Structures are given as C-alpha cells and as structure tokens.
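I opened the structure to look up a few points about its chains. My entries follow.

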Amino acid sequence: MTTDTRTGSHLVASVLRQELARDPSVILFGEDVARLGGVFGATRQLRREFGDERVFDTPVSETAFVGMAVGAAQAGLRPIVELMFVDFAGVCFDQLANQLAKNHYMAGGRVRLPVVVRAAAGSIGSAAQHSQVLGATFAHFPGLKVIFPGSHGDLQRLLVTAIRDDNPVIFLEHKQLLKARVDGLPLNDARPAGAAVEPEPFGRLRQVRRGSDLTIVTAGWMVQESLTAADALGLRGISAAVADIRTLVPLDRDGLAEVAGQARHLLVVDEDYTSYGMAAEVVCSIAERLGPSGPRMARVGLDVPLPASRPLEDEVLPGSRMITDAAIALVGG
Amino acid sequence: MPVDAYHRAGGLQPWLTQIYQRMVTMRRFEEAIASGSASGQIHGEMHLGIGQESVAAVLAEHLRPADAVVSTHRAHLHALAQGVDPVELLAEVFERDGLNHGKGGHLHLFDPARQFMCTGIVGAGAPIATGYALAQRLRGEDAITVAVSGDGAMNQGAVFEAMNLATVRGLPVLFLVEDNGYSISVPRARSTAGDLIDRARPFGMAAGLCDGRDVEQTDALLGSLLATVRSQRAPAMAVVAVYRFRGHYEGDLDRYRPAGEREQAMSAADDPLQRVRARLLATGIGEAELLKLADVATDNVARWLAAALQRPAPDISSAREGVFAGA
C-alpha cells in the first residue's frame, strides 16, 4: 500500500481551494476558518490564497453569520458557511430551518439559496454537546439537502457537488474522517493529490462490499466501522454486504430497496440518535417497498446523550464490535 | 433638525405633495387588505402598517434600484417603498397567483428584482440583511441594505449579532427601527431595558432618532443616515417613533392599550397623514387639490386590487413542487 499521509481535512481544503478558484462568487466564512484554517484544518491556507474578502472569520454568532449566508445567497453569491460543530446548529436553528430551508419554496422559486453549511459531526471524545450527527434532524425539513459522506473520496466528490448545487446543503464532515489518514482506512478512495475532483451526483447509495447473508446499511464513519465488522463477520461465516447511503436527502429509496433484496437480514447502523431517525427512515422505506417478503431488519444505534468518560462512551457508541454483535444476533437468531 | 436643502431642490410643496400622495396610497392599500382579511379572502394572520406610513413614504425618497430591503411581518409599505409592483403584491397577499405564486403570502414576500424580502420571524431579517450588504460590499457597489425592525425585535439576540457583525465587517446596513412602543400587547417599558437609541453606542455606530409624525424630521434623519451608510460603507441605526393604529393583527381585540392613547394617536394632531395634509395646506395648496390627490390614490388602489383579484388562483399542482431548485 502506498503511503498517503494526507488526512480528510487536507482533502476538504483541496476541494474548497478548487471551487474557490473556479467560481468567484464562492465565498467561505465561519469561526476560525481563516486565520487558523479551521479547528480541524479543513480550511487551511485558503485565506492566504483567496484573501480576506472571500475567506474570513466571523464573530461567535451563528445566527448572524448563517443568516448572512442566507442573504448573500439570495443576493447572488455562493456562500460556504461553517458550523464548527454540528451541535451548534441549535444556536441558529431558525436561520437553518425557517429561512435557509424554506425561502426558495416560499418565494415561488424566485430566489435560490446556493448555501453549503459544512459542519463537523460525530464522536471525538468530547461528549454530548460536541459529538452529535443530527443528519435526521435536518433531513426532516423539506428544503435542505443532507450529505453525510462515509469515505474520503466521497468527502471530496460530494463536497464539489454540494458547492455547485443551487440548493441549501448541510454537509456533515465526520470528525474521524477528517482526522484519518488517507492510507489508514479500510476503504481508501481519495483522489490523488493534485488531481481535479469531479462531482458525484446526490441521491445514489454506494455498495462498498458485497455479501449474501446480511446487508449493513449505514452512513458516515460507521461505513468504515461496518467494513471492519464485515471482515470479522466473514471469519465467522457470515457474509455481510455494506451499503453507504451517502446522502440522506435526496435519499436513494430505489437503491435501498435493491440492496435490501440481496439478503434475508438487514442491519441499519446509525451514529445519530436511533429513535425518530435515519435508521427508522431506512427501515420504513424498505418495509413500504418490499413488505413481508423483505428482509428481517434491526437498528444499531444509541438513544442517550453521549457520555464523556471513555468506558461509558465505548459502551454506547456504535463501532465495529457493537455492529458485529448485533449482526450475529440478527442473523443467528 | 435642519431641513435638507439638497433634497428640497424642487421646493417644499412638491416634496410634501409627493409624500402625501404616497402616504394616502399606502393607507388605502392597507385598508384594502384589511377588508380582504375581514371578508375571509385572506385566511391567515394579517399585520398592517396603518398609522406608520411616514417611514416607508420617506424611505422611498432615498432608496435606489440596487438597494436591498429586508422587512418584517408588517412589510407591505416597505415593499411599496422599494418599488415592488403593487398588483403583484396584492395578488400574493390575496392568495392568488401573485408575486410568489401563492407560496409565500403576506408574511414571506420575495421580489429579487428589487432585492426585497420579508419574514415573519421577529429579528430574523437583520442577519439576512447583512448578507445582502455583504454582496454589495464584495461587488464594490454603492448600494445599501435596509434592515427593518420593530422595537420588540431589538431584544432578539439576532439583531444584536447582526449589528455587531455589520460593524466588524464594514457592511452597509441601515438598521431601521420602527418604534411603535408595543410588542403585540407588551409595552416597551415592560420589555426593553434602557433606550433603543443607546443600543447603537456599543458598536460606535452612527445613529439618530426622530418623531415619525413629522415627515420632514424623518426625512432629515433617514436621508442623513442613508447617505452616511452609502459613503462610509458602515452600518448605522435609525429609530423612528410611530404608532400602530390597529391591533398587532387584524382581529386583535387590542384592549391592552391605555384608554384614549389610540384615539389621540389617530387624531388630526398626531396622525402623520393628517399632519402632512395640514402642512401642505399651510404651504398654500388648495383643499380641492388635496382631495383630488387623495381620490387619485384611492382610485389607483382600487384599480390595482381589481387587477390583483383577476389573477388566477395558484396552480394546485405546484403545491408539492419547488422545494428544491433545478435539476
């Protein structure tokens, strides 16, 4: 295996550079994105290259600067606005759910809001207010596209698509993906350094592993964890497929029905809260399409705020071990 | 306040005449919509600016086509001031296929050709206004953005944040506060610490206040602050005292105001419209001419309303469409 010490954050920065260079109406702002290059390094060097008018730091005021993205988009710019942690969405929820999501519809189509809200999501050991995913919460509002890449390559390609989309896109960057080295993941599909990144259409799930006993459907970092679990399951004689949803909205319902037909069991793994969430939507969609002839289904996830101390976090946070155990219970039972 | 000599280039009487005609038009416009609410042609909550016309009428003097206006739940007059087509506007408010094809209605009016929008979420417009101003800054235009608020909205964190952001980033926003002294039923004294004008001070923002019953004062203030925003490319704040003649919404029993307060505000002495009328008479214009001006305004509104009601109902197949743009 070739060495590639780039991390997900380098990949994001390179896509942002590509798109800022390509289209002068693209601008980028948020907390610590310019001078620091982002707390996860995802916007490194961009201010130096594109200047303070297009890449700038905002005060700590999500309502103001997410609202600013709404107005700037309606005035013809293409803002990329960063929520440092997706958990901070609560601070500016009105601007996201009432303004960003709805203004295009309410205007009868007369305004467009080509805004990308990039937000770091998922666990990093910082407990309940800095570890959430919230994809389903955003997906619940008509008018927001919700993208949750599960691989480095998709992190790049889907970000290009998001920036070029004329609609509001919530782009969830899993912190573990941002941190991980390109050469350190079970699934390594990053574009080579310096290569142009082309867009990948939204609304298509991706089968990343074939299998015949069980289909694992998931998104985000859990894609990588599911691949590790699938290897362990393989050693135990359970052939597990893994499907990466990639885009919660638009959701590939046809693709879900198709992958669900591969095996008699289906496990949905979700790092976001289980109840009333993505996993429920997947199960419901498959059940509606396939009915009683469809697979027996179960969900892996959590319904507690994420605890702080390592042993407690390990107990509740889904990972390859929990996925493996749940798969065995589902298939074996 | 000294009269703005530059602005009076045409003379006081022509200026006052224009303001008066605009204000009568605005009042008739809102009265027509009030009837629509009462009759059930408009089935949602309705918020009218009757009594507050002076602000929008004066603002219209100073707005330019490339300027942006982000307004509130009480937005019709600002829309007219910004040049939104009155027939399109009425059609949308009357739930026909109008300005926004029946999707937004009275609370969510969008006219991108005029950079106009409004929102029913109190305070949410101020952050959005900074975005229009950001685009104006990046494009090197001399256009400005007006963010309209009421006094109640000034307590919303969003407005404070927007003022800070506009100051820090050098954004050409006029924060225009129509202070009518009430947030629905709650008087300002019970909700708002300190004086509104002092809220510009922490930001070092140019600011001023005036009595909205006096159109010349209002014109001097808005003209001066808008010129400042335009030339300095920095935000400013204007607080204009006005009075809301009707309840917060059509159908509001409006029993929370002290006895006599509303009657006084609507009297010839305090109604901004009647005061302009009296000013005009004092400049020598004849009663007959004033009546004629008022009739023209009334006829215009009637004509617009008739045209608006001719518009078809929105296409019901569009109800589930248009959530996302494009392919």
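How many residues does the contact take from chain B and from chain A? I count two residues as in contact if their C-beta atoms, placed from the backbone, lie within 7 Å. The contact takes 34 residues from chain B and 34 residues from chain A.

I noted the basis. This is a predicted model, where local features need pLDDT of at least 70, side-chain atom pairs count only at pLDDT 80 or more, and totals for chains, interfaces and linings use all residues. Residues are numbered from 1 along each chain as its sequence is written, with chains lettered from A and ligands numbered from 1 in the order in which they are written.

Next, I looked up the domains of chain A. An automatic or database domain assignment sets the bounds: domain 1 is 8-184 and domain 2 is 206-332. Their centres, taken over C-alpha atoms, are 26 Å apart. Domain 1 of chain A gives 25 residues to the contact and domain 2 of chain A gives 21 residues.

Last, I checked strand E1 (residues 68-71) of chain B. Strands (E, at least two residues) and helices (H or I, at least four) are DSSP runs, numbered from the N terminus. Ala68(B) and Val70(B) point one way, Val69(B) and Ser71(B) the other way, and all are buried (20 or more other C-beta atoms within 10 Å of a residue's own, C-beta atoms being placed from the backbone). I take strands as paired if DSSP finds at least two bridges between them. E1(B) runs parallel to strand E4 (residues 145-150) of chain B, joined by three bridges. Ala68(B) has Thr145(B) as its bridge partner there.

Terms used:
Buried ≥ 20, exposed ≤ 12 C-beta atoms within 10 Å, placed from the backbone.
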